[in-house]
Amino acid sequence: MFSFLLSLPAALVKTEKTKVLLIAAPHIGWETELQAKGIHVPSQTPKILNKLITIVKEFKPDKLVVLGDVKYSVVSSELGEWQDIPEFFKKLQEYVAEISIVRGNHDANLEPLLPESVELLPATGAVIGDVGVFHGHKWPSPALLGCKTLVMGHLHPVVVFRDPTGCKMTRQVWMRTEVDSEALACILLRKANVKIGYSVEETLQTHFGVTLGASELYIMPSFNDFLGGRPVNETRPKKDTGAESLIGPVLRSEAVSADVAELYLLDGTYLGTLNQLRSLCH
């Protein structure tokens, strides 16, 4: 069972045996880039760590899974990340027994920064009970299609509203949308170089041992609220087509109804669909 935690950029997955806490995109070290530009911002790592420890203490998960982008630098690791990331996870291990990280596009060369007991999972994702989790910058594994619910990070969704005087309000949001499971299966099987046989369902069962079941997709907000995010209700026309653009191959595919995605504030307030909120920006 999947549920997001009210007023927090985090979610729980409960199975018969375990309770797993999900967060996405802490982006440890982001403020280092600001400092390099002369913007004096103190390290946000203690704040992120304390917030996460507070959540862990309250909900007592058996495991923590981070849906990618642990660090901010994309390829190399900055000095601050070498200092902060090992200590971050070492301290966190005092409160939660198991920690896994689904690799994100900012997590190249992350291994040397992690304690040996922290598990690094591929960007194609993992299965937790009836929930499939992945980062979002790459296609997920077809094996995740056996899960009813898919959860990704990567986008860092926020909504932006402006009043006539120019004042602007920005808020983090959850996104939830429906998935055309058969269409997504066709895409993922093709990406995996698997030829579809008698049917998509049969091929998925034969090659990955799962029954097609994916019906919904959640996009998580960033756990680092200082980072900001991508204003999903602002139009971003593609140069050639004029169509709206969202990052990540799954969200750009015809298998996901991104335009009618439901948007929720962290406290659970339903704002409307993405199309409805985009119309307010015109």
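## Helix H2

In this predicted model, the buried residues of helix H2 are Thr-45, Ile-48, Leu-49, Leu-52, Ile-53, Ile-55 and Val-56. When the helix is viewed down its axis, these buried residues of H2 fall within an arc of 160°, and they therefore line one face of the helix.

H2 itself has 15 residues and spans 21 Å from its first C-alpha to its last, which is close to the 21 Å expected at 1.5 Å a residue. Just after H2, Lys-60 takes a positive phi of about 50°.

## The sheet and its edges

Six strands form an open sheet in the order E1-E2-E3-E4-E5-E6, and the pairing within this sheet is mixed. Strand E1 (2-4) and strand E6 (119-121) are the edge strands, each of them pairing on one side only. On average, and with direction ignored, neighbouring strands of this sheet are turned by 25° against each other.

Within the sheet, strand E3 (residues 19-23) and strand E4 (residues 63-66) run parallel and are joined by four bridges; Ile-23 has Val-66 of E4 as its bridge partner.

## How helix and sheet meet

Helix H2 (residues 45-59) lies across strand E2 (11-14), E3 and E4, and its direction is at about 160° to that of E3.

## Confidence in the model

The mean pLDDT of the protein is 88, with 89% of its residues reaching 70 or more. Over residues 239-243, however, pLDDT stays under 50, and for this stretch the model has four contacts beyond four places in sequence.

Conventions:
Residues numbered from 1 in each chain as written. Predicted model: local features only at pLDDT ≥ 70, side-chain atom pairs only at ≥ 80, totals over all residues. Heavy atoms only, no water. Pairing = 2+ DSSP bridges. Helix = DSSP H or I, 4+ residues; strand = E, 2+ residues; numbered from the N terminus. Axes fitted to C-alpha atoms, helices over the stretch in contact; angles between N-to-C directions. Contact = heavy atoms within 4.5 Å. pLDDT = per-residue confidence, 0-100. Expected span 1.5 Å × (residues − 1). Buried < 20%, exposed > 50% of the residue type's maximum accessible area, 1.4 Å probe, protein only. Arc of directions from axis to C-beta.
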